[in-house]
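Colleague: I have just opened this one and could use a guide. Could you walk me through it?

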Amino acid sequence: MPWASETGEILLGVIGSPIAHSKSPQMHTAGLKALGIKGAYVPLHVHPGSLGETISSIRTLGFRGINVTLPHKVAVIPYLDAVDRSAEAIGAVNTIVNNGGVLTGYNTDGIGYVRSLKSEAASDLAGRRIMVIGAGGAARGILDALLLERPASVIIANRSREKAAELAESWSGRGDLKGIGLGEIEEYVQGMDIVINTTSVGMHPNVDQMPIDPDILPEGIVVSDLIYNPLHTRFLLESERRKGCVIHSGVGMFLYQGAYALEYWTGRPAPIKEMRQALLESLG
Ligand code: ATR
């Protein structure tokens, strides 16, 4: 048991601020139970000023793994011993693995998103034309993994066109990318196979808002939203209702980013069914 602490149990947790509403503890506790692994996954409220001390404590206390959430995903990097290729490319870490005091940072958000999208909505992304709405941290988090799937093209559409163009430019060596403004979406969207909302537009409590008008979408394409509260945004529901789109909720990204983390920590395949059930129960 490479992961076991002195007590033979696995110690896991999530650091963030705020942290009380995180659904990770319920999801991972169910995962550990299903795997028959003794241990604990605890929420840890960490202020930005205590981040360095907290990371040292991970080594001291023998935590095997830590999830990292807002606002620490970028700031944590200098405190780690190494970061993997995708975390480096994205510039953010959401999972830390402690191997005998050596801390390595990973980013499972993007690969978790793609695993979820492929298993639930679009089995093959190769050759697909993808539109990503938004150009912030969330968009950056999924772009690396999307580009590994070799889509035909990725158009990044953002309120600030400049930010979309910058993001497209910074990944230009990785594929056919283009940045546009929200006003140009109608011109490009007809050629798309998959449209993904990465903005917070439509998130609780602003559940009536939509990032774009679903009427401009082509019939029957895949529409995905990173938001999971509500489980299905108005954008998804209206895209399905008005255009017969195949819809994909952000809850799958959350599930699979956690599944990858648990697999990194334990070396065992994650019990997806049990983790999904616990997650859905905790979301109410
Ligand atoms: P995150 O990490 O969630 O991506 P972020 O880095 O602050 O957060 O980025 C937020 C993204 O949502 C940006 O692309 C932002 O557009 P701008 O770059 O133009 O600010 C987009 N966004 C947020 N609120 C929006 C709104 N009301 N309408 C359109 N886009 C919005």
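Predicted model: local features only at pLDDT ≥ 70, side-chain atom pairs only at ≥ 80, totals over all residues.

Colleague: Okay, how many residues surround the ligand, and which are the closest?

Modeller: The ligand is surrounded by 14 residues, and the closest of them are Gly 136, Gly 137, Ala 138, Arg 159 and Ser 160. By class, that shell divides into four nonpolar, eight polar and two charged residues.

Colleague: Which helix gives the largest share of the shell?

Modeller: That is helix α5, residues 137-148, which contributes three residues.

Colleague: And is α5 mostly covered or mostly open?

Modeller: Helix α5 is mostly covered, with 10 of its 12 residues buried, among them Ala 138, Arg 140 and Asp 144. The buried residues of α5 pack against the helices α3 (85-90), α4 (109-120) and α6 (161-170), and also against the strands β7 (129-133) and β8 (153-158).

Colleague: What comes just after α5?

Modeller: Just after α5 there is Arg 150, which takes a positive phi of about 55°.

Colleague: Switching topic, how do α1 and α10 cross?

Modeller: The axes of α1 (residues 24-35) and α10 (residues 272-283) come within 8 Å and cross at roughly 150°, so the two helices are roughly antiparallel to each other. Their crossing is right-handed.

Colleague: Which residues make that contact?

Modeller: On the α1 side they are Gln 26, Met 27, Ala 30, Gly 31 and Ala 34, while α10 brings Glu 274, Met 275, Ala 278, Leu 279 and Ser 282. By class, this contact has six nonpolar, three polar and one charged residues.

Definitions and conventions. Residues numbered from 1 in each chain as written. Near = placed C-beta within 6 Å. Helix = DSSP H or I, 4+ residues; strand = E, 2+ residues; numbered from the N terminus. Nonpolar A, V, L, I, M, F, W, Y, C, P; charged D, E, K, R; others polar. Axes fitted to C-alpha atoms, helices over the stretch in contact; angles between N-to-C directions. Parallel < 35°, antiparallel > 145°, perpendicular 65-115°, else oblique. Left-handed = near helix turned anticlockwise from the far one by under 90°. Contact = placed C-beta atoms within 7 Å. Buried ≥ 20, exposed ≤ 12 C-beta atoms within 10 Å, placed from the backbone.
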